[in-house]
Amino acid sequence: MYRFFKAVADRLIALLGLIVLFLPLAIVALVIRIDSKGCALFRQERIGKDKKPFMCYKFRTMYSTHVASPASNPIVKDDNENLTKVGRWIRKLKIDEFPQLLNVLKGDMSLIGPRPFMAVHIQNYEPWENQKFNVKPGMSGLSQIKGNVYLSRIERSYYDVQYAKNVTFFKDAEILFKTVGVILTGEKRYLTPVPEELIDKERAEFGKAQRHKK
């Protein structure tokens, strides 16, 4: 029942957000164009629910949007030389993600869920990590309030899978509330590393569940 309510609420909030934020977002787009050459918005194919690809919208924060990142940890950090002056600020405030309200309105994404990555970044996933694709990707998620860029890929996958296995109103409300805290005080303050034994436990539980299905 909650997942149906969540889907409806996502689209209503996204529509309201786009209407209310239209002028501020238009100003951000203009500032990006003034600061550096190129379009203010860019699209990039990401992988969503059930591993279906979709075009994800973002504000451009780099001089070039064709930047390779390691598959082991596909996160652009704040000290990346390719970031524009304006880009550093809008990434810090998470404003670059706001165009994804369009993705939420279209039904490709949710307000809360695992962050979507490009196909190249999920090719080496272990089988248990793919459980994150049981839900729609989100603009913010559990791993984003647990340290995000300070986490390893495996740690982020662990949090994403835990979210996908237990989607509740209270968990979404907690993530939304703490996302505001992350924006105001930074991701490092919320860093919560995942002990290796918990990851091993998740691997074992997934393997056991798969064997019972056969």
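Tutor: A strand here is a DSSP run of E with at least two residues, and strands are numbered from the N terminus. Keep in mind that this is a predicted model. Now take Phe-54, which sits in strand S2.

Student: Is Phe-54 buried or exposed?

Tutor: The cut-off for buried is under 20% relative accessible area. Phe-54 has 7%, so it is buried.

Student: How far is the C-alpha atom of Phe-54 from that of Gly-38?

Tutor: The two C-alpha atoms are separated by 22 Å. Along the chain, Phe-54 and Gly-38 are 16 residues apart.

Student: And how far apart are Lys-49 and Val-135, in sequence and in space?

Tutor: Their separation in sequence is 86 residues. From C-alpha to C-alpha it is 5.4 Å. Lys-49 belongs to the loop between S1 and S2. Its relative accessible area is 34%, so Lys-49 is partly exposed.

Student: Next, cavities. What does rolling a probe over the atoms show?

Tutor: With a probe the size of a water molecule, it shows where empty space is left. In this model, the count is 1 cavity of 30 Å³ or more. The volume of the largest cavity is about 40 Å³.

Student: Which residues line the largest cavity?

Tutor: The lining includes Ile-47, Gly-48 and Lys-49. Pro-114, Arg-115 and Pro-116 also belong to it. So do Lys-132, Phe-133, Val-135 and Pro-137.

Student: What is the phi of Lys-94?

Tutor: It is positive, about 65°, although Lys-94 is not a glycine. This residue lies in the loop between helix H3 (85-92) and helix H4 (101-106). Its relative accessibility is 23%, so Lys-94 counts as partly exposed.

Student: Now salt bridges. How many does the structure hold?

Tutor: It holds 16 salt bridges. The cut-off is a side-chain nitrogen of Lys or Arg within 4 Å of a carboxyl oxygen of Asp or Glu.

Student: Why does the pair of Asp-96 and Lys-58 tie together separate parts?

Tutor: Asp-96 is in the loop between H3 and H4, while Lys-58 is in strand S2, so the pair ties together parts 38 residues apart in sequence. Both Asp-96 and Lys-58 are buried. For Lys-58, the relative accessible area is 10%.

Student: What is the distance between the closest N and O atoms of Glu-97 and Lys-58?

Tutor: These atoms are 3.6 Å apart, in a salt bridge. Glu-97 lies in the loop between H3 and H4 and Lys-58 in strand S2, so this pair ties together parts 39 residues apart in sequence. At 13% relative accessibility, Glu-97 counts as buried.

Student: How far apart are the closest N and O atoms of Arg-115 and Glu-97?

Tutor: They are 2.8 Å apart, and the two residues form a salt bridge. This pair links distant parts of the chain, 18 residues apart. Arg-115 is in the loop between strand S3 (110-112) and strand S4 (138-140). Arg-115 counts as buried, at 10% relative accessibility.

Student: Last, the surface. Which residues form the nonpolar patch?

Tutor: Leu-15, Leu-16, Ile-19, Val-20 and Leu-105 form it. Together they have about 460 Å² of accessible area. Helix H1 (residues 2-20) gives the largest share, 4 residues. To join a patch, a residue needs over 30% relative accessible area and no salt bridge. Leu-15, in helix H1, has 40% relative accessibility and so counts as partly exposed.

Technical notes: Residues are numbered from 1 along each chain as its sequence is written. This is a predicted model: local features need pLDDT of at least 70, side-chain atom pairs count only at pLDDT 80 or more; totals for chains, interfaces and linings use all residues. Side-chain values use heavy atoms; hydrogens and water are left out. Patches are made of residues with over 30% relative accessible area and no salt bridge: like charges are joined within 9 Å, nonpolar side chains (Val, Leu, Ile, Met, Phe, Trp, Tyr) within 5 Å. Accessible areas come from the Shrake-Rupley method with a 1.4 Å probe; for residues, only the protein chains shown count as cover. Buried means under 20% relative accessible area, exposed over 50%, partly exposed in between (1.4 Å probe, protein chains only). On a 1 Å grid over the protein atoms alone, a cavity is a set of points where a 1.4 Å probe fits but cannot get out, and a pocket is an open set with protein on both sides within 12 Å along at least five of seven lines; lining residues have an atom within 4 Å of a point. Grid points are joined across faces, edges and corners, and a volume is the space filled by probe spheres set on the points.
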